Amino acid sequence: MQIYLPIAEISVNIFLILGLGLAVGFLSGMFGVGGGFLLTPILIFVGIPPAVAVSTQANQIAASSASGALAHFRRRTLDVKMGLVLLAGGVFGSVAGVWLFSVLQARGQIDLVISLCYVLFLGVIGALMFIESVNAIRKRGRTEVRGEAGRGRRRKRRWIDALPLKTRFPVSGLYISIIPVVVIGFLVGALAALMGVGGGFVMVPAMIYILRMPTNVVIGTSLFQILFVTALTAFLQAAQNQTVDVILAALLIIGSVIGAQFGARVGARVRAEELRVALAAMVLAVAVKLAFDLTATPPDLYELMEAALAVRLA
Amino acid sequence: MRALLALLAALAAAPVFAKAPPEGAPPETDIVAALTQEVVEIRSNFDGAELVLYGAARGLREGDDITVVVRGPERDLRVMRKQRSFGIWINRAPVRFESVPGYYAVAATRPLSEFATFTALRRNEIGADHLRLSAPETERTETRFGVADVRVSDLGAEIVDYRDAIIRAKADEGLIAERAGGVELLDGGLFRAQVILPPTTPVGEYAADVYLFRDGVPIASRRTTLNVQKAGVERAIYDLAHNQPALYGLLAVIFAALAGWAAAEVFRRR
């Protein structure tokens with residue numbers, strides 16, 4: 001059954017889009033990631049204009065992270081204060097990202113920049129995650145002894161601890177400067193707007209390795225920040241570029257909400273390390289595919305674009 | 001249906017077709033034509049549309065040909081060519097084309113080159129090869145071989161590659177189509193042609209021109225119009241998004257938040 005998307009201005013198969021939402025929702029429920037990094041390239045592949053895919057995706061992620069953040073809030077695994085400081089940076093990041101998106105679109109380079117960002121971030125994070133989780137599986141027998149030793153060791157002072165504007169974050173049990181927090185929020189916000197993703201795959205490692213937040217509050221806090229940043233991104237994209245398609249968003253939301261339920265149940269039965277290896281492999285596969293597309297000779301060397309956008313921003 | 005009745009009335013008023021024109025008087029030719037639909041509405045189930053253009057040619061003789069050209073609303077296009085640098089393909093060399101028809105279809109009783117002269121096709125822009133695609137920013141006029149006001153492209157022969165790229169990309173989507181034999185001649189000067197609008201067809205005013213060709217040149221023509229517009233929910237959403245973008249964005253975000261909240265409620269109960 002075909003359905004016409006009023007903003008994307010193309011007709012798509014309704015079950016294909018619902019199925020995509022379902023599959024990506026399943027993966028996001030299983031791995032605890034937003035899944036935007038998978039869905040945006042697929043939507044573009046299906047024929048949705050990249051600008052519409054990225055903006056609509058932001059709207060869909062706002063819905064899925066809202067449900068996740070609420071669940072974490074009830075379980076008290078959400079550091080609201082940390083989330084708000086991250087958000088302060090995220091708001092500016094989002095505005096900057098949407099602006100950069102318009103400029104790149106006007107120059108005809110948006111597809112290239114989106115692909116490059118994907119290859120870079122997915123490649124680096126996928127590789128790191130893969131190495132880390134494979135090592136964890138190999139050392140499984142020995143970890144308990146080392147874990148004890150590691151916990152007792154005092155943390156080294158790092159350059160981050162030398163920064164001014166220190167604040168206490170009671171839920172996370174941290175006393176750190178707000179500067180790195182705001183900077184991380186800004187970068188993730190900009191990436192989210194540019195790539196049509198929530199940015200959880202950048203945010204979570206940054207929180208764990210740079211801010212050293214306890215793992216139990218990381219996911220909830222990251223979802224909290226993603227919720228507001230993607231909501232703002234969707235609003236800005238709609239207001240400035242008119243590229244949010246609510247019909248497409250609604251179909252994706254319905255699919256992903258149901259898929260996430262099944263994914264979360266399956267994920268609970270699989271061991272964490274295996275899950276991380278699988279996620280890393282998937283992330284790397286997407287990165288390799290996009291890297292291949294960038295270097296392979298395209299089927300048509302010419303690309304047609306609407307000229308109206310260029311005029312508006314010239 | 002109204003159009004069909006009008007056509008029948010016109011046919012009734014016309015003299016009997018088969019009869020040769022009286023001696024001495026100039027041979028009279030005229031065309032009447034209508035589309036099965038004058039308005040195509042894009043609703044949520046829109047997946048392209050198929051229309052039929054039918055009509056009658058008065059004074060049609062053996063060896064005459066009919067051509068139907070449908071032109072959609074014009075838009076400016078930017079075409080970029082990919083070039084490889086540092087191993088990756090990057091969009092370069094943008095060329096701006098003005099007033100490119102968003103839809104362009106030609107149907108004829110026979111292949112165009114068999115019955116029409118090059119000049120006639122070029123002048124009336126009949127056939128994808130003769131469609132005028134101008135890139136004013138790359139053009140200048142100069143005097144060549146003593147002829148004033150010759151338009152020359154700065155890109156030289158490359159402009160042809162850009163042109164071909166536009167036609168190729170649009171033909172893939174069904175937005176440029178050329179069908180020899182697409183016009184069916186029936187008895188008594190009646191003819192029929194199918195117009196296929198793909199799902200990506202642009203919104204706006206379309207013009208369908210019917211030409212009667214004799215001895216290589218068009219001797220009569222008739223234009224009918226067609227309007228493609230969004231309707232129902234699709235239209236309401238599109239209008240809201242463009243007329244009240246801030247409100248639309250706000251509603252989209254509120255909808256997302258509500259959907260997320262609803263999902264969290266369902267999660268909690270399990």
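**Note on a predicted two-chain model**

1. S4(B) and strand S7 (residues 104-108) of chain B pair in the antiparallel sense over five bridges. In this pairing B:Arg71 stands opposite B:Tyr104 in S7(B). The model is a predicted one, and the points below should be read as a description of that prediction.

2. Strand S13 (residues 204-214) of chain B is joined to S4(B) by seven bridges, and the two run antiparallel. Here B:Thr67 faces B:Tyr211 in S13(B).

3. Burial of S4(B) comes next. The strand covers residues 65-71 of chain B, and because seven of its seven residues are buried, S4(B) is largely enclosed by the rest of the structure. Both of its faces are covered. One side carries B:Asp65, B:Thr67, B:Val69 and B:Arg71, the other B:Ile66, B:Val68 and B:Val70, and all of these are buried.

4. In soluble globular proteins, nonpolar side chains tend to be buried together.

5. The surroundings of B:Val68 can be listed. Leaving out residues up to four places away in sequence, B:Val68 touches B:Leu53, B:Ala107, B:Val183, B:Ala193, B:Ala208 and B:Val210. Of these, B:Ala107 falls in S7(B), residues 104-108, and B:Ala208 and B:Val210 fall in S13(B), residues 204-214.

6. On chain B as a whole, the secondary structure comes to six helices and 14 strands. Buried residues make up 31% of its 270 residues. Among contacts in chain B between residues at least 6 apart in sequence, 69% join residues at least 24 apart.

7. One loop position in chain B is worth checking by eye. B:Gly188 sits in the loop between strand S11 (183-185) and strand S12 (190-197) of chain B. It counts as partly exposed because it has 13 C-beta neighbours inside 10 Å, and a residue is exposed at 12 or fewer. The C-alpha atoms of B:Gly188 and B:Arg58 are separated by 8.7 Å, although the two residues are 130 apart along the chain.

8. Chain A has twelve helices and five strands. Its radius of gyration is 20 Å, which agrees with the value near 20 Å for a compact globule of 314 residues. Along its principal axes the C-alpha trace of chain A spans about 60 × 40 × 40 Å. Of the 314 residues in chain A, 49% are buried. Residues 24 or more positions apart account for 81% of the contacts in chain A with a separation of 6 or more.

9. H11(A) has 24 residues and reaches 35 Å from its first C-alpha to its last, close to the 34 Å expected at 1.5 Å a residue. Its buried residues are A:Leu279, A:Ala280, A:Val283 and A:Ala287. An α-helix has 3.6 residues a turn, so residues three or four places apart point the same way. The cover over the buried residues of H11(A) includes helix H1 (14-31) and helix H5 (110-138) of chain A.

10. A hairpin in chain A is formed by S3(A) and S4(A), with four residues between them. The strands, residues 166-169 and 174-177, run antiparallel and are joined by four bridges. A:Lys166 stands opposite A:Ser177 in S4(A). In the turn, A:Gly173 has a positive phi of about 65°.

11. The contact between the chains takes 44 residues from chain A and 49 residues from chain B. Elements giving two or more residues to the chain A side include strand S1 (2-5), helix H3 (50-74), helix H9 (215-241) and helix H11 (272-295). H3(A) provides the largest share of that side, eight residues. By type, the chain A side divides into 31 nonpolar, ten polar and three charged residues.

12. Strand pairing also crosses between the chains. S5(A) is joined by five bridges to strand S5 (residues 74-85) of chain B, and the two run antiparallel. A:Tyr302 stands opposite B:Arg81 in S5(B).

How values were computed:
Residues numbered from 1 in each chain as written. Chains lettered and ligands numbered in written order. Predicted model: local features only at pLDDT ≥ 70, side-chain atom pairs only at ≥ 80, totals over all residues. Contact = placed C-beta atoms within 7 Å. Nonpolar A, V, L, I, M, F, W, Y, C, P; charged D, E, K, R; others polar. Pairing = 2+ DSSP bridges. Buried ≥ 20, exposed ≤ 12 C-beta atoms within 10 Å, placed from the backbone. Expected span 1.5 Å × (residues − 1). Rg over C-alpha atoms; globule rule 2.2 N^0.38 Å.
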